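I opened the notebook to look up how side chains meet in this structure.

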Amino acid sequence: MRPLFCGRVFMLMKRVWTLLVGLLTLCFSGAAYAQGRTPVVVSGRSAGNIPSLEANGVTYVDVQAAARKFGAGVELFAQSKQAKITARGFYGILTAPLPEIIINAKPQTLSSPVLVNGGKIMAPAEFFLLSSFQKAVGKRIALTDGKFIVERPFDFARTDNVLHEKDTLLVFETEKDVRWSSKQVNKHTVQITFPGATVKRDEFFRLKTPFIASAEIRQSRTDAVLKVILGKNAKDWSFSEIDGRLVFRAGAQAAPAVLAERAAAPRTEAPAEAASASEEPVQTPEIKGPSPVTEKPSVLMEDDGFEEMFPEPGPVIKPEPAPEPSKTGKNAPAPAKTAPVIKQEPHPLAVSSAHKKMRIVVDPGHGGKDPGAVRSRMREKDWNLAVGKELAALLKKAGFEVKMTRDNDTFIALSERSKMSNNFKADLFVSVHTNASKNRNAHGFQVYFRSEKATDKEAADVAAMENEAMQYEEVHYNFVDALLQSLAKNEFVNESSKLAGYVRNSVYKQPGIGIAVNQNSSVRQANFYVLKGVNSPAILVEMGYISSSKDRARLSQKAVQKKMAQGIFNGIRDYAKKEGWIN
């Protein structure tokens, strides 16, 4: 007995000693770090901050928080002390406590090792300054004065408004040669188009001078467009290049634009710790902001979710049947195809596809041996197919390229639906369903986009119900497949939410449906398996509740099914217009 007792005492003392050493190590290692938070400024606006620390003169940031803030997917593995960061065309692996990293299967070396602090994986800030990462997330990122400065990749930016007694000027600084064409759309509206160029920020601003009432500049998928509403005393306008700057002038009479001499534009330097990285970080030039001559500050029109669908109302511009002849700058564009542009905020549509027309997959939910929700003789799969076929017909008529996952009463596995979409190289995926609930009072239209975390319990229940279709699949869900599909879809979340908002708004406005659309709670998010593997913005529409007597009475009518398809179509069309796919 004594040897056994002594052995247990020894093991207990060993565990206590290990615990003490671990605590002492944690205390001393923590003392070496200056904990803090690094602010993030996106397009000139505060966007929160990222947990960070300073160690040996190097700025470290929380890998998980930073990746999500910049629009990348991230997954942590505690046992191996690794982090996987994914974005479009980008796959990075960081391992603590090593400076060696893997990017797209190729080894690289950071100037400082990755750390683990307080249960968080901390990476040198230089990792997020690498050009490959910035290109993948479609952003310019710089670490300046202890702040992450984030902008979309841009070619030019508005930097000044100049008021003279006889004219008003809008001044733009350029990063490279920018081509343009200009025309007067009607008596009061001038439009300048910049093919293949990217403006720094979308803006709408009012000047209310005698020569320029207001102006708006926006980015589409391929072009930037400046629209100027002329003031009552504007008799002449011009757009030209002066000393490397682009200048729009509106005045009482024809005259050259006069600009003051400009000082050399300061450029931010790359952080010292990034200098030795095997891949050079991108340096973001700092362009000064517009001078405060407007009567009202500029309103930035950012791609930041639902708010963009309700911008501050600007002037309504209706082209006249016979516009005046175009004025063309010396850098007028050739009729050749323009290069794709990469927009801000995870914006997958900014990377132009090989095809010109938007490709849309219409996915009527359930089918075949999977009836979906059932009430009496009414089956969800039948309504989904009827509305899906009507929606596909409307999209084809409007010039979109369309593919249906099923056009008859056939069973299609959930995983197969996403594969069909990816093989089609779809730009949008729209899954059509009908809801059901044990709560007889539940009713109304809803539209979902995918997220690992549901909006609320009801949204989680809806996802669970739709995911039950997996029980009909002969090949069961593979865990490795689940892991891979959950890694890198964050770049589509923002676009999916915007698409969901447009569809919700259009169904709300569509007459003849008769199904409630709650403007505050009808756009939701939940973890739908059918949306997981889709490599494009994707939404799941719940047209109404088959369990609601009122919704059931409406959706069983063919006329209402056609109206529902029309409402969904209108939302997709509005989204496509906003993103520059159609005029």
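**Entry: aromatic pairs.** I am working with a predicted model. I looked up the aromatic pairs and got a count of 14. One of them joins phenylalanine 90 and phenylalanine 127 in an edge-to-face arrangement, with 6.2 Å from centre to centre and 65 degrees between the planes. Phenylalanine 90 lies in strand β6 (residues 90–95) and phenylalanine 127 in the loop between β10 (120–124) and α3 (131–137), so this contact ties together parts 37 residues apart in sequence. I checked burial too: phenylalanine 90 is buried at 3% relative accessible area, and phenylalanine 127 is buried at 0%.

Next I took phenylalanine 156 and phenylalanine 194, whose rings form a tilted pair, 4.6 Å centre to centre and 40 degrees between the planes. Phenylalanine 156 belongs to strand β13 and phenylalanine 194 to strand β16 (residues 189–195), so I noted a link between distant parts of the chain, 38 residues apart. Both phenylalanine 156 and phenylalanine 194 are buried.

I then looked for clusters. Ring pairs join Phe70, Phe90, Phe127, Phe128, Phe133 and Phe148 into one.

**Entry: charges over rings.** I found arginine 140 over the face of phenylalanine 154, 4.3 Å from the ring centre. I also found the charged end of arginine 221 over the ring of tryptophan 581, at 3.6 Å from its centre.

**Entry: salt bridges.** How many salt bridges does the structure hold? I noted 17. One of them pairs lysine 176 with aspartate 155, and their closest N and O atoms are 3.7 Å apart. Lysine 176 sits in the loop between β14 (167–174) and β15 (181–184), and aspartate 155 in the loop between β12 (147–151) and β13 (156–163), so the bridge ties together parts 21 residues apart in sequence.

I moved on to glutamate 401 and arginine 359, whose side chains meet in a salt bridge at 3.0 Å, N to O. This pair links distant parts of the chain, with glutamate 401 in strand β26 (residues 401–404) and arginine 359 in strand β23 (residues 359–364), 42 residues apart. Glutamate 401 is partly exposed at 26% relative accessibility.

I also looked up aspartate 574 and arginine 573, which form a salt bridge at 3.6 Å, N to O. Aspartate 574 is partly exposed at 28%, and arginine 573 is partly exposed at 27%.

Terms used: Residues numbered from 1 in each chain as written. Predicted model: local features only at pLDDT ≥ 70, side-chain atom pairs only at ≥ 80, totals over all residues. Heavy atoms only, no water. Salt bridge = Lys/Arg side-chain N within 4 Å of Asp/Glu carboxyl O. Helix = DSSP H or I, 4+ residues; strand = E, 2+ residues; numbered from the N terminus. Buried < 20%, exposed > 50% of the residue type's maximum accessible area, 1.4 Å probe, protein only. Phe/Tyr/Trp six-rings, centres within 6.5 Å; stacked < 30°, edge-to-face > 60°. Lys NZ or Arg CZ within 6 Å of the ring centre and 35° of its normal.
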